[in-house]
Amino acid sequence: MLSKIEAFILGIIQGLTEFLPISSTGHLYLGRNLFGLEEAGLLLDTMLHVGTLLAVFVFYRYEFIKILKNPFGKLTFLLVVGTLPAVVVGLLFEDYFDEISKTGVTIGWEFLITGTLMWFADSIKNGRKKMDDISYTDALVIGTFQAAAIFPAISRSGLTIVAALWRKLDRETAAYFSFLLSTPAILGAIVLQGKDLFSGGSETISIQALLIGIISAAIFGYIAVKWMIGYLKNHSLKPFAIYVWIMGLVVLYFQYAGQF
């Protein structure tokens with residue numbers, strides 16, 4: 001059974017890694033294996049995603065108020081266009097990616113791919129586009145990169161920031177739009193996971209542990225969003241690239257040794 005301490009730690013992992021470009025799904029997979037919680041996956045993942053969804057709702061509350069006041073404005077359609085690729089890929093290949101996520105067989109290689117893309121994207125000359133300059137083509141390209149993050153250890157935030165830099169958004173705006181675009185993606189993940197919650201065996205997780213996990217994910221998710229937007233303005237993605245390279249090599253080693 002998931003303990004309160006384990007729920008708190010996994011909430012920290014989810015909150016930080018959802019928005020730092022190092023892959024939340026990959027880290028949660030490793031965290032569950034570390035605690036021996038392989039069977040707690042679906043319910044736990046869904047509830048932790050609720051926490052990170054709360055974090056972005058709070059951080060972007062003024063943007064969502066604007067959307068509610070003007071639901072047919074440009075920002076709404078940017079989010080719709082940016083979300084469509086992930087919806088299409090998720091619906092067409094849901095079973096395939098679900099199987100990959102359960103086995104974790106590709107996780108090591110996905111960490112390496114994420115690091116490589118971030119390393120080269122960091123060398124792109126700084127763009128100048130602000131939020132008002134983002135086009136629907138920009139949103140579609142960034143959303144297409146987001147769709148690739150359906151692989152468990154391909155970082156959603158990492159790939160969307162990479163795509164945003166490639167489309168010449170300035171570094172701060174790249175992070176800002178990346179995390180804003182995560183909102184419908186996280187909400188979609190909750191809906192897709194939620195419909196399957198009661199299709200299998202019951203998961204022995206206490207309400208108290210789930211609440212602790214949700215609150216922990218929300219608090220540390222909010223911290224990660226705010227910190228990352230400020231960090232990327234004047235700092236490099238390369239430390240994150242090096243980190244996920246190391247993670248990838250470690251995972252491949254333990255998979256080769258039969259530990260995962």
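Predicted model: local features only at pLDDT ≥ 70, side-chain atom pairs only at ≥ 80, totals over all residues.

A: Let's start at the N-terminal end of α2, which is capped by S23: a side-chain oxygen of S23 sits 3.1 Å from the backbone nitrogen of G26. The helix that follows covers residues 24-35, twelve residues in total. From first C-alpha to last, α2 reaches 16 Å, close to the 16 Å you'd expect at 1.5 Å a residue. Just past the helix, G36 takes a positive phi of about 70 degrees.

The largest nonpolar core has 49 residues, and Y60, F177 and F179 are the ones with the most contacts inside it. Helix α10, residues 171-194, gives the most to this core, with nine residues. Take F177: setting aside neighbours within four places in sequence, F177 is in contact with L78, L79, M131, I134, A139, I142 and L169. As a general point, nonpolar side chains in soluble globular proteins tend to be buried together.

Y60 leads us on to the rings. Across the whole structure, a search turns up twelve aromatic pairs. One of them joins F59 and Y60, with ring centres 5.0 Å apart and planes at 75 degrees, so it's an edge-to-face pair. Both F59 and Y60 are buried. They also belong to a cluster, in which ring pairs link F59, Y60, Y176 and Y222.

Then there's W119 and W245, whose ring centres are 5.3 Å apart with planes at 35 degrees, so this pair counts as tilted. Here the pair links distant parts of the chain: W119 belongs to helix α7 (residues 107-121) and W245 to helix α12 (residues 238-256), 126 residues apart. W119 is partly exposed, at a relative accessible area of 29%, and W245 is partly exposed as well, at 26%.

Key
Residues numbered from 1 in each chain as written. Heavy atoms only, no water. Core = buried A, V, L, I, M, F, W, Y, C linked by side-chain atoms within 4.5 Å. Buried < 20%, exposed > 50% of the residue type's maximum accessible area, 1.4 Å probe, protein only. Helix = DSSP H or I, 4+ residues; strand = E, 2+ residues; numbered from the N terminus. Contact = heavy atoms within 4.5 Å. Expected span 1.5 Å × (residues − 1). Polar contact = N/O pair within 3.5 Å; in protein donor to acceptor, adjacent residues only side chain to side chain. Phe/Tyr/Trp six-rings, centres within 6.5 Å; stacked < 30°, edge-to-face > 60°.
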